[in-house]
Amino acid sequence: MTRNASTSATDASVAPPLAVLHAVRKTYGAQRALDGVDLRLARGQLLALLGPNGAGKSTAIALLLGLIRAEAGTVELFGADPQTLAPRRRIGVMLQNGALPDTLRVGELLRMTANYYPRPRALAECADLAGIGDVLQRPYGKLSGGQQRRVQFALALCGRPEMLFLDEPTVGMDIAARERLWATLRALLGEGCAILLTTHYLEEAEALADCVVVLARGRVLAAGSVEELRACSAGTRIRCRSALGVDTLRAWPGVQSCECAAGVLTLSVREPEPVLRRLLAEDATLSALEVRRAGLSEAFTELTREAA
């Protein structure tokens, strides 16, 4: 894994990439949205594009969808200009803000969308993949937010896409709906579909992604597998209730940070064993002990904190 703007997706060179950003720059007035960004997405790969608000994620997606032009660099979709019709017919898109007619029934929306594609999925198949078979006769505007997101997902699948662009797809969904969508995405990946995912649910990226790219201020901070990004973070979190003070624990060898909230201490350490032994030896009242390896969330926080 590397941590600079020339980083590209893991193992993208194994198969020809379906989507490419190379040395891309895009500005809006005085603001540079993307500054020399590289990104490659291969068939059967899920790439999670992460970053704080304003990092450049939406701009990267808009470039690949052909909605805007880059000022410098290369943008390709299936080896072609994303603004041409042929590559657009091979993708499915689920944007964060998708406006659909409130009065149309869900089944009508699916049939209307399917007509745009030469080889669409059957309505029943789309409904089953998205888990919306029970709302096909209901007007879209009468659905809950989570149900509307599932309908938008079904619409993205209508054209039997070779590549999916999913922008915050599970916002508003309950746990069962979210897990069903995850299962569908895994099945699509197994069929060779490529997926570009943006999400603020870092556990979602951790569960699904083959490659993670972290953007901040228009630059790539880091890219690699989930395991490689975890390595960017202090290795382990120790949580406990202890009579020992925060200042005391911060001074211990091997403790990188220590915070206290609601009486619970959280220690960040590289090697947990020596710290755990000392905690147990020096505090007979130690309780609520929990040891957890740092995850993608901690790595993301540390990477973006460094950038800020």
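Lys and Arg count here as positive and Asp and Glu as negative, while His and the chain ends are not counted, and the place of a charge is taken as NZ of Lys, CZ of Arg, CG of Asp or CD of Glu. On that basis the protein has 36 positive and 33 negative side chains, with the centres of the two sets lying 5 Å apart. This is a predicted model, in which local features need pLDDT of at least 70 and side-chain atom pairs count only at pLDDT 80 or more, whereas totals for chains, interfaces and linings use all residues. Residues are numbered from 1 along each chain as its sequence is written, and side-chain values use heavy atoms, with hydrogens and water left out.

**Overall picture**
- The C-alpha trace of the protein spans about 70 × 45 × 40 Å along its principal axes.
- Of the 308 residues, 50% count as buried, that is, under 20% relative accessible area with a 1.4 Å probe and protein chains only.
- The secondary structure comes to 11 helices and 13 strands, which are DSSP runs (helices H or I of at least four residues, strands E of at least two) numbered from the N terminus.

**The sheet of 3 strands**
- An open sheet has the order β2-β1-β4 with antiparallel pairing, where two strands pair if DSSP finds at least two bridges between them.
- Its edge strands are β2 (31-42) and β4 (72-77), each of which pairs on one side only.
- Strand β1 (residues 17-28) is joined to β4 by 5 bridges, the two running antiparallel, and Arg25 stands opposite Ala72 in β4.
- Helix α1 (residues 57-64) lies across β1, β2 and β4 and runs at about 120° to β1; such angles run from 0 to 180 degrees between N-to-C directions, with axes fitted to C-alpha atoms, for helices over the stretch in contact, and contact means heavy atoms within 4.5 Å.

**The sheet of 6 strands**
- A further open sheet has the order β5-β6-β7-β3-β8-β9, with mixed pairing.
- At its edges stand β5 (91-94) and β9 (219-224), each with a single partner strand, so one side of each is left without a neighbour in the sheet.
- Strand β8 (residues 211-216) pairs with β9 in the antiparallel sense over 5 bridges, and the bridge partner of Val212 in β9 is Gly224.
- Helix α1 packs on this sheet too, touching β3 (46-50), β6 (163-167), β7 (194-198) and β8, and its direction makes about 150° with that of β7.
- Helix α6 (residues 175-190) also packs on the sheet, where it touches β3, β6 and β7, its direction making about 155° with that of β6.
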